[in-house]
Amino acid sequence: MLFRSVTALAMERLAGIAGEEEGVAYTLGLLRPMGKLVLDTLLEIEQPGVTCPDTDTLDLPTWERAWAGITSNEVGAMVMEEWHMSGNVYHGIKNHYRPDDEAGAMGALLHLACWVTHQMGKGFKVETKQWTLSDDVLQRAGLSEEAVKKCIEETHEALDALKKQLKAS
């Protein structure tokens, strides 16, 4: 699941620019898909053979709520709460599709890191409709559009360096 590393690397870079904690941001990027893993596992157990459609036109939260009565982001937030993660991690994961005041800067940064991941072709296809580079999200994150777009190149470089490091091990 390369996208987790990409999202984490993008989070680390964006958090540094925004003056947020880079380690927390990196961890949030790694843990973001936890709710999807839980719901996917539940789906395999409860309804074998049924999978979430792999399309870029689906409204994922609507599909998840219709199937499970809860979204993967809400499940992910529940896991973060069980693990006693901080409120900014809990709310960041819960609300990063549509960052609001509760999501705080970390939720907005996670949204933007996912946008970067998607722009690099490394994200979940089914989440395509979730990511925007809106003025509201940029303001909540404390970043400019130019900084986020520059992050794509920086994340590519960081990913290449990580791959080299892993191959050398």
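**Salt bridges**

I found R32, K36 and E127 linked in a network of salt bridges, a salt bridge being a side-chain nitrogen of Lys or Arg within 4 Å of a carboxyl oxygen of Asp or Glu. I note that this is a predicted model, in which local features need pLDDT of at least 70 and side-chain atom pairs count only at pLDDT 80 or more, while totals for chains, interfaces and linings use all residues. Residues are numbered from 1 along each chain as its sequence is written, and side-chain values use heavy atoms, with hydrogens and water left out.

My search of the whole structure gave eight salt bridges. In one of them E127 pairs with R32, with the closest N and O atoms 2.9 Å apart. This pair links distant parts of the chain, 95 residues apart, with E127 in the loop between α7 and α8 and R32 in the loop between α2 (22-31) and α3; helices here are DSSP runs (H or I, at least four residues), numbered from the N terminus. I looked up accessibility with a 1.4 Å probe and protein chains only, where buried means under 20% relative accessible area, exposed over 50% and partly exposed in between. E127 is buried at 1%, and R32 is buried at 4%.

I also checked R140 and D136, whose side chains meet in a salt bridge at 3.1 Å, N to O. Both lie in helix α8, four residues apart, about one turn of the helix. R140 is partly exposed at 27%, as is D136 at 37%.

**Aromatic pairs**

I counted rings of Phe, Tyr and Trp (its six-membered ring) as paired if their centres lie within 6.5 Å, with planes under 30 degrees apart stacked, over 60 edge-to-face and the rest tilted. By this rule I have two aromatic pairs. The rings of W63 and W67 are stacked, because their centres are 6.4 Å apart and their planes at 10 degrees. Both residues lie in helix α4 (residues 60-68), four residues apart. The rings of Y97 and W131 have centres 5.3 Å apart and planes at 75 degrees, so I logged the pair as edge-to-face. Y97 lies in the loop between α6 (87-94) and α7 (104-119) and W131 in the loop between α7 and α8 (135-141), so the pair ties together parts that are 34 residues apart in sequence. Y97 is buried at 6%, and W131 is buried at 8%.

**A backbone note**

I noted that H84 has a positive phi of about 60 degrees although it is not a glycine. H84 lies in the loop between α5 (72-82) and α6, and is exposed at 71% relative accessibility.

Definitions and conventions: Helix = DSSP H or I, 4+ residues; strand = E, 2+ residues; numbered from the N terminus.
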